[in-house]
Amino acid sequence: MKVRRLLVARYGFSPENHHRQSNIRIVISLAFSMAAMLVILSAMHALASARLSDIRTYETFDLQVPVADRAEGEMLASELDAQERVDAFLVAEEPALLSGATDSLMVRIRYLPEELAWYDNMTLQGTKGWMPSSFVAWKCGVPIGGEMEIATIGKGTQARVVPKRTRCQVTGTFTSRDSSFDSQYLLASIDDAPTTASWYVAVVTGLDTTRVKHLVAKTRPDLGPQSWKELCSSLYGALRLEQLVVRFVFLVLLLIILLSVRRGIERLVSRKRREIGTLLAMGLSRRSIIAVFLEESLVSTVSGLLCGILLGCGVMHVVNRMGGTSLLFGLPVLKVDWMPTILVALFVFAGSLGMAYLGMRRTVSLSLMEMLRDD
């Protein structure tokens, strides 16, 4: 054991090791690979989470329960809002053609309660009332205080649908983090909603949406609540497919890293064949020699993984600091997703040791004369 410890100290990053540059290259390769995987994994997770969060906040909410009219919606909203960790409120929507001084644009009018906290979380200019987004206002040329013409489709008594045109004053504009929401919606007060609009109860909750759907089904089995996953099934499926592709790319990248580590270790061991043969001639067992080089590989692998994690965290810190600049404006905050990071690190760790073991076992299986003959 004492001899093995001396040999481990002799190898690795010791100045006495004539091949320590190979170990340093292995550490650098592992560090940059781990940092790249950490940053990519965090970026993909942050982008997907931000997109889904924006959808659930601005477009679909966590759950939507269609209702027939305002009275039924207000009754259901009060019942759900009384539940713990459930925020429910009435919403009405209808499609419309918004016309301004310069252009016209198809939008959806969303009628909301003015006291809604979510209504206040957006960046508002002016006062509440009839509020197109800043993009829609610019596109149609309607400033705050100006007038816009809104054409909606309402139900008639003698015809199935009749166009309905109204002129409204722009009391304010809004902006949000969701560009698709900003380009499609116009906000108004729930008191201005016509009876012909589509009414539903929006639910924002920290609970599982399936649990809330069961809660609605107990009191109102005739209603069909829809979760954000069902309302945005195509986008959710695309994001899931994107995650699968990223995982496949990660798997390929991990295999490339492990093959690179194996190649580096094999080259390192081949340069030490004469030393290994000399140790065998001195009476050191093959198992002890394998243990020496496994410990050396262990030090290199752990050093590379730790340096990679620190480097990746440093890169994310710099990116987050630059998130408010014009270069990286709007980029979500990158955070370390520790569970997949730990799994990746363990996989690389186990794979590197496995590759080192296979390379060493192949080398020590050679005859003593072959080791001493080859330098």
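Reader: Which residues of α12 are buried?

Author: In this predicted model, the buried residues of α12 are Thr341, Val344, Ala345, Val348, Gly351, Ser352, Met355, Ala356, Gly359, Met360, Thr363 and Val364.

Reader: What span should the 27 residues of helix α12 have, and how far apart are its end C-alpha atoms?

Author: Helix α12 covers residues 338–364, so at 1.5 Å a residue it should span 39 Å. The end C-alpha atoms of α12 are 38 Å apart, which agrees.

Reader: How is a pair of aromatic rings described?

Author: By the distance of the centres and the angle of the planes. Six aromatic pairs occur in this structure. In one of them, the rings of tyrosine 111 and tryptophan 130 have centres 6.2 Å apart and planes at 85 degrees; planes over 60 degrees apart count as edge-to-face, so this pair is edge-to-face.

Reader: Where do tyrosine 111 and tryptophan 130 lie?

Author: Tyrosine 111 is in strand β3 (residues 104–112), and tryptophan 130 is in the loop between β4 (123–126) and β5 (131–132). The pair therefore ties together parts that are 19 residues apart in sequence. Tyrosine 111 is buried, at 2% relative accessibility, and tryptophan 130 is buried too, with a relative accessible area of 16%.

Reader: How are the rings of phenylalanine 174 and phenylalanine 181 placed?

Author: Their centres are 5.7 Å apart and their planes are at 50 degrees, so the pair is tilted. Phenylalanine 174 and phenylalanine 181 are both buried. Ring pairs join Phe174 and Phe181 with Tyr58 and Tyr185 in a cluster.

Note on methods: Residues are numbered from 1 along each chain as its sequence is written. This is a predicted model: local features need pLDDT of at least 70, side-chain atom pairs count only at pLDDT 80 or more; totals for chains, interfaces and linings use all residues. Side-chain values use heavy atoms; hydrogens and water are left out. Helices (H or I, at least four residues) and strands (E, at least two) are DSSP runs, numbered from the N terminus. The expected span of a helix is 1.5 Å times one less than its number of residues. Buried means under 20% relative accessible area, exposed over 50%, partly exposed in between (1.4 Å probe, protein chains only). Rings of Phe, Tyr and Trp (its six-membered ring) pair if their centres lie within 6.5 Å; planes under 30 degrees apart count as stacked, over 60 as edge-to-face and the rest as tilted.
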